[in-house]
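Good morning, everyone, and thank you for making time for this short talk. I would like to walk through one structure slowly, so please keep the sequence and the picture in view while I speak.

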Amino acid sequence: PATESKRLRIAMQKSGRLSVDSQALFTSCGLKINLREQRLIAHVENMDIDILRVRDDDIPGLVMDGVCDLGIVGENVLEEESLQRQLDNDSFDYTVLKRLDFGGCRLSIAVPQEDEYRGPASLDGKTIATTYPRLLGRYLKQQGVNARVVNLKGSVEVAPRAGLADAICDLVSTGATLEANGLKEVDVIYRSKAVLIQRKELTDSKQLKLIDKLMPRINGVMQANE
Ligand code: PRP
Ligand code: ZN
Ligand code: MG
């Protein structure tokens, strides 16, 4: 509907590592969101903003394609999507408005605890399972390593035990997942935090004003957290 078209659309992760902190940031910024509402779109009661709750992997594309105006997403997911779109010759434009103070994690290579690892060359001829084939591919290329990359959308950490791969490349936060699966972190290939991104060519003056109003609040919340 035309009357709703000017509401600012912000994409956030529906459930996962970033969702609680994203929601808390919105609340701290004064956005009144119905927290119990488990729907895809949550209307902000006191501002012309809609919150879209989606899978984190979908957020970069939604912003790059201009379907959402803003999004909170991990740099790892954002960089993976950008690399993929470069390879596909698709557009991957966006602006980073703010690097946030949550969602910190690293994308790391991990191997079975009993395995010997003497640097990236140890991966030559091996099979590596990951949800981030482009980031891993770039790293392997930089290191001059020839490895087979297996793309898994989930349960990457069980791949070695299941005989699907020799190593994995996955996100590590506390390290508990690796530990629980008998794996050890041997190389960090990318460090990530959550970022607030904006689509390119956002020109609606009402929306721009809303963003101008939000940014000092976000900065204020972050300073208070320091
Ligand atoms: C990542 C990763 C591990 C976990 C690692 O998953 O795939 O499962 O976090 O965290 P830890 O070191 O604290 O144990 P994520 O939360 O991104 O969810 P997803 O795998 O469903 O995308
Ligand atoms: Zn995900
Ligand atoms: Mg996981």
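Let me begin with a question: which element gives the most to the shell around ligand 1? Before I answer, please remember that what we are looking at is a predicted model. The answer is strand E9, which contributes three residues to that shell. If you follow the residues around ligand 1 on your screen, you will find Gly16, Arg17 and Gly154, and then a run made up of Asp170, Leu171, Val172, Ser173, Thr174, Gly175, Ala176 and Thr177. The elements that give two or more residues here are strand E9, spanning 167-172, and helix H5, spanning 176-180. Sorted by class, this shell has three nonpolar, six polar and two charged residues.

Now let us step back to the whole chain. The secondary structure of the protein chain comes to six helices and 11 strands, and its C-alpha atoms fill a box of roughly 60 × 35 × 30 Å along the principal axes. Of the 226 residues in the chain, 31% are buried. When we take the contacts between residues at least 6 apart in sequence, 68% of them join residues at least 24 apart.

The domain assignment divides the chain into domain 1, made of 2-103 together with 193-225, and domain 2, made of 105-192. The centres of the two domains, taken over C-alpha atoms, are separated by 29 Å. Where they meet, 10 residues of domain 1 are in contact with 10 residues of domain 2, and on the domain 1 side the largest share, six residues, comes from helix H3. That side of domain 1 divides into one nonpolar, four polar and five charged residues.

In soluble globular proteins, nonpolar side chains tend to be buried together. In our model the largest nonpolar core has 30 residues, and the ones that touch the most other members are Ile10, Ala11, Ile51 and Val63. Several elements each supply at least two residues of this core, including strand E1 (8-13), helix H1 (19-28), strand E3 (49-54) and helix H6 (205-225). Taking Val63 as an example, and leaving out residues up to four places away in sequence, we see that Val63 touches Ala11, Cys68, Gly71, Tyr94, Ile197 and Arg199. Apart from this core lies another one, of 20 residues, among them Ile109, Ile128, Ala129 and Leu135.

Let us stay with Leu135 for a moment, which is found in helix H4, residues 133-143. Is Leu135 buried or exposed? Leu135 counts as buried, because there are 22 C-beta neighbours inside 10 Å, and the cut-off for that label is 20 or more. Not counting residues up to four places away in sequence, Leu135 touches Asn76, Glu79, Glu80, Leu83, Leu107, Ile189 and Tyr190.

Asp50 has 19 C-beta neighbours inside 10 Å and so counts as partly exposed. Setting aside neighbours within four places in sequence, Asp50 is in contact with Arg7, Arg9, Ile41, His43 and Val44. Asp50 and Gln198 are 148 residues apart in sequence, while their C-alpha atoms are 15 Å apart in space.

Helix H6 deserves a look of its own. This helix has 21 residues and reaches 31 Å from its first C-alpha to its last, which is close to the 30 Å expected at 1.5 Å a residue. H6 is also hardly covered, since the count of buried residues among its 21 residues is two.

Ser155, in the loop between strand E8 and strand E9, has a phi near 50°, a positive value in a residue other than glycine. Ser155 is partly exposed, because 13 other C-beta atoms lie within 10 Å. Glu201 sits in the loop between strand E11 and helix H6, and its phi is near 60°, again a positive value in a residue other than glycine. Glu201 is exposed, because the count of other C-beta atoms within 10 Å is 7.

That is the tour I had planned, and I am happy to take questions.

Methods. Residues are numbered from 1 along each chain as its sequence is written. Chains are lettered from A and ligands numbered from 1 in the order in which they are written. This is a predicted model: local features need pLDDT of at least 70, side-chain atom pairs count only at pLDDT 80 or more; totals for chains, interfaces and linings use all residues. Helices (H or I, at least four residues) and strands (E, at least two) are DSSP runs, numbered from the N terminus. A residue is buried if 20 or more other C-beta atoms lie within 10 Å of its own, exposed if 12 or fewer, and partly exposed in between; C-beta atoms are placed from the backbone. Two residues are in contact if their C-beta atoms, placed from the backbone, lie within 7 Å. A nonpolar core is a set of buried Ala, Val, Leu, Ile, Met, Phe, Trp, Tyr and Cys residues joined through C-beta atoms within 7 Å. A residue is near a molecule or strand if its C-beta atom, placed from the backbone, lies within 6 Å of it. Ala, Val, Leu, Ile, Met, Phe, Trp, Tyr, Cys and Pro count as nonpolar, Asp, Glu, Lys and Arg as charged, and the others, Gly among them, as polar. The expected span of a helix is 1.5 Å times one less than its number of residues. Domain bounds come from an automatic or database domain assignment.
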